[in-house]
Amino acid sequence: MYNQVIIIGSGPAGLTAAIYAARGGLEPLVISGNEPGGQLIFTTDVENFPGFPEAIRGPDLMENMRKQAERFGTRFEKNAVSSVDFSAKPLKVNIVGGETEYTADAVIIATGSSAKWLGLESETRLKGKGVSVCATCDGYFFKGKDTVVVGGGEVAVEEALFLTKLVKSVKLIHRRDKLRAARILEQKVLNNRRISFAWNSVVEEILGDKKVEGVRIKNVLNTDEKSEIKCDGVFVAIGHKPNTEVFRNQVELDNNGYIRNYEGSKTSVEGVFVAGDVYDYVYRQAVTAAGSGCEAAIDVIKYLERMDNDFV
C-alpha cells in the first residue's frame, strides 16, 4: 500500500510530524507501535509543555495530539513495525502480523528511546506515584522533599545535581564504590551538601502502597546487610536504550544504537528522516521531541517537492 510518507512512532515527535505533514497535504500514515503515545502515556501531570498553565495528564496530552493529527487527515496503523527495507525506492515497511507491505517515498523514524528500569514489581506498581526516570520532567513535584537517585553514571549524576535545586535531600544509590561520570561532575556531586551516598548498594524494593515511602537496599559486598531509606521520590537513572533494533543495517547508528542525523533530520539514507529521542540522547524532553518532529516534516515536504520537480 503506497503512501507519500510513513511516520514510525506516535510520541510527541511522531504526532507533531504527522500534524505538519498532514497540513502540508501529504496524508501521512502513522504506525503507532506497541505503546501509542510514547513515554508520556506513563506520566501523570505534565507541567513543562507550553500552553498548559494548569498542567495536563500525559495520556491526555498525547490524545489531544492524536486528534489534532487526525483532524488534518493523518491515518493510523495500530501495530508495530516488524521489518523495513530502505535499500531501494519505494521504501518498504512491514508490520507485525500484517500481510500488507506499506511503501512510501519518505519515512520519518520517531520510535523514541526506552528508559532502563530496575525490573522490580514495586517499581512498576509505583510508576507515576513517586517513581520516575526524569528529574527534569518530574522533579518539581518533590519540591522540599527527600529523594533517591539510583545509578552512578553521567545521567544519575546530572539528575542528582538538578534535583538539589528543588528538593530537600538526594541520596544517590550506586552498586559500585565510585561514580562513572566526568570528573568535573563528580566533584560537584561529592561536594554538594544536599547529596549523600549509599555505595556498593542496590535497591531491592521500593516501599509504599499508594505512593513511594522509601526504599530497601542491599549492600552487594555484604549480602546480609540490608537497610531502609525513607524518601518521597525515586528517580531511576541507569540509562536509556534507543528503539532502533528494527533499523539495524538499514540506517547508520552510533556506538550506542542511536540514529545518526545529518543536516537536521536527514539520516544516512536518502528519503529517511529522524525525529525525537531515537537520535536525541541529550535533551529527551517532550517539547524538544515535538520540535524535531516539526523539523522532520518540513524536511520531508521539501524533499518530496524536489522529487516532483525532478520529474517535471
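**Cores, strands and backbone geometry of the predicted chain**

Leu 61 touches Leu 40, Val 46, Phe 49, Phe 52 and Ile 56, residues up to four places away in sequence being left out; contact means heavy atoms within 4.5 Å. The structure is a predicted model, in which local features need pLDDT of at least 70, side-chain atom pairs count only at pLDDT 80 or more, and totals for chains, interfaces and linings use all residues. Residues are numbered from 1 along each chain as its sequence is written, and side-chain values use heavy atoms, with hydrogens and water left out.

Leu 61 is also among the residues with the most contacts inside the largest nonpolar core, together with Val 5, Ile 108 and Val 300; this core has 34 residues. A nonpolar core is a set of buried Ala, Val, Leu, Ile, Met, Phe, Trp, Tyr and Cys residues joined through side-chain atoms within 4.5 Å, where buried means under 20% relative accessible area, exposed over 50% and partly exposed in between (1.4 Å probe, protein chains only). At least two residues of the core come from each of β1 (2-8), α1 (12-23), α2 (58-71), β8 (101-109) and α7 (286-310). Helix α7 gives the largest share, ten residues. Apart from this core lies another, of 23 residues, including Val 81, Ile 109, Phe 247 and Val 269. In soluble globular proteins, nonpolar side chains tend to be buried together.

The chain contains seven helices and 19 strands, assigned as DSSP runs (helices H or I, at least four residues; strands E, at least two) and numbered from the N terminus. Its radius of gyration is 21 Å, close to the 20 Å that the globule rule gives for 312 residues, so the chain is as compact as a globular protein of that length. The radius is taken over C-alpha atoms, and the rule is 2.2 Å times the number of residues to the power 0.38. Along the principal axes, the C-alpha atoms fill a box of roughly 70 × 40 × 35 Å. Of the 312 residues, 49% are buried. Among contacts between residues at least 6 apart in sequence, 59% join residues at least 24 apart.

Thr 147, in strand β11 (residues 146-150), is buried, with a relative accessible area of 2%. Its contacts, not counting residues up to four places away in sequence, include Phe 142, Leu 163, Val 170, Cys 231 and Phe 235. Thr 147 and Glu 101 are 46 residues apart in sequence, and their C-alpha atoms are 48 Å apart in space. Val 170 belongs to strand β12 (residues 169-173) and is buried at 1% relative accessibility. Beyond four places in sequence, Val 170 touches, among others, Thr 147, Val 149, Arg 194 and Ile 195.

Most residues other than glycine have a negative phi, and most peptide bonds are trans. The peptide bond from Lys 89 to Pro 90 is cis, with omega near -5 degrees, and Pro 90 is in the loop between β6 (81-85) and β7 (91-95). Glu 27 has a positive phi, near 45 degrees; this residue lies in the loop between α1 and β2 (29-31) and is exposed, with a relative accessible area of 53%. Ala 55 likewise has a positive phi, of about 75 degrees, and is placed in the loop between β3 (45-46) and β4 (56-57).
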